Every structure is written in structure tokens, then in C-alpha cells.
Amino acid sequence: MKKFILKKPVTYETKKHEAFDLSGLEDLSGEDYASLLKQAENIDGMDMVPEKSLTFAYLTAAKVTGLPFDLFKMLGAKDAAQLRYTIGNFFLSED
């Protein structure tokens with residue numbers, strides 16, 4: 001997976017972020033996946049399709065990039081929606 005490029009860069013703790021490397025998605029284990037699902041459930045409660053939740057996307061992006069969860073909450077709405085779609089599609093697509 002290539003870089004996720006932001007339409008609207010975000011500054012977090014004085015560092016400007018214009019893109020994120022989501023290639024770590026390919027390296028997640030089943031245990032990592034289960035942990036991310038549990039974390040999202042602890043924050044938002046039970047979700048019918050957690051892979052489509054914004055919280056799950058933020059947690060997953062934080063896990064694979066090593067960047068803080070709170071940084072992803074600062075994304076613009078369009079970038080947040082696209083990140084949710086990108087990560088959800090990674091898990092739910094049949095490739």
C-alpha cells in the first residue's frame with residue numbers, strides 16, 4: 001500500500017504531517033486485528049461493522065504508523081472519511 005496523502009495537512013505537536021505510510025497494514029497479525037477491534041469497542045461500544053468505524057480507522061492508522069491516535073482525530077473531514085474508507089476497504093475487500 002502506498003502513502004495516504006492528506007488533502008489538508010495537519011500539524012501535531014509542531015510537526016506538519018502531509019501523508020502517512022500505511023504499508024504496515026500488510027504486516028498486521030490476527031492478534032493485532034483482534035486487539036484493534038477490542039480497543040475500538042472499548043471506546044465506541046459494539047459496532048455492527050467495526051472496520052467501517054472512524055475510531056477503528058484511527059486506531060489502525062496509529063498502530064501501523066507509530067503516530068499518536070490523537071493526531072488522526074485532527075484530520076479534516078474529507079481526509080478522515082477517506083482514511084476510514086481506505087482502512088475499511090483493506091480489511092473488507094476480497095482481493
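**Close-up 1. Helix α4, residues 77-92, and what covers it.** The 16 residues of α4 should span 22 Å at 1.5 Å a residue, and the end C-alpha atoms are 22 Å apart, which agrees; the expected span is 1.5 Å times one less than the number of residues. Helices here are DSSP runs (H or I, at least four residues), strands are runs of E (at least two), and both are numbered from the N terminus. This is a predicted model, in which local features need pLDDT of at least 70 and side-chain atom pairs count only at pLDDT 80 or more, while totals for chains, interfaces and linings use all residues. Residues are numbered from 1 along each chain as its sequence is written, and side-chain values use heavy atoms, with hydrogens and water left out. The buried residues of α4 are D79, A80, L83, T86, I87 and G88; buried means under 20% relative accessible area, exposed over 50%, and partly exposed in between (1.4 Å probe, protein chains only). Their cover includes β1 (3-12), α2 and α3 (69-72), with contact meaning heavy atoms within 4.5 Å.

**Close-up 2. Helix α2, a mostly covered element.** From first C-alpha to last, the 12 residues of α2 reach 16 Å, close to the 16 Å expected at 1.5 Å a residue. Of these 12 residues, 9 are buried: T55, F56, A57, Y58, L59, T60, A61, A62 and V64. Look around them and you will find β2 (15-21), α1, α3 and α4 as packing partners. After α2 comes G66, with a positive phi near 80°.

**Close-up 3. Where α2 meets α4.** The axes of α2 and α4 come within 9 Å and cross at roughly 80°; axes are lines fitted to C-alpha atoms, for helices over the stretch in contact, and angles run from 0 to 180 degrees between N-to-C directions. That makes α2 roughly perpendicular to α4 (under 35 degrees counts as roughly parallel, over 145 as roughly antiparallel, 65 to 115 as roughly perpendicular and the rest as oblique). On the α2 side, L54, F56, A57, Y58, T60 and A61 make the contact, and on the α4 side A80, L83, R84, I87 and F91. These residues divide into 9 nonpolar, 1 polar and 1 charged; Ala, Val, Leu, Ile, Met, Phe, Trp, Tyr, Cys and Pro count as nonpolar, Asp, Glu, Lys and Arg as charged, and the others, Gly among them, as polar.

**Close-up 4. Where α1 meets α2.** Helix α1 (residues 30-44) and helix α2 (residues 54-65) have axes that come within 9 Å and cross at roughly 135°. That makes α1 oblique to α2. From α1, D32, Y33, L36, L37, Q39, A40, I43 and D44 meet T55, F56, L59, T60 and K63 of α2. The residues of this contact between α1 and α2 comprise 7 nonpolar, 3 polar and 3 charged.

Close-up 5. N42 counts as exposed, at 57% relative accessibility, whereas S53 is buried, with a relative accessible area of 8%. Beyond its neighbours within four places in sequence, S53 is in contact with D44, D47 and R84.

**Close-up 6. E13 and T14 in the loop between β1 and β2.** E13 is not a glycine, yet its phi is positive, about 50°; T14, also not a glycine, has a positive phi of about 70°. E13 counts as exposed at 64% relative accessibility, and T14 is exposed with a relative accessible area of 80%.
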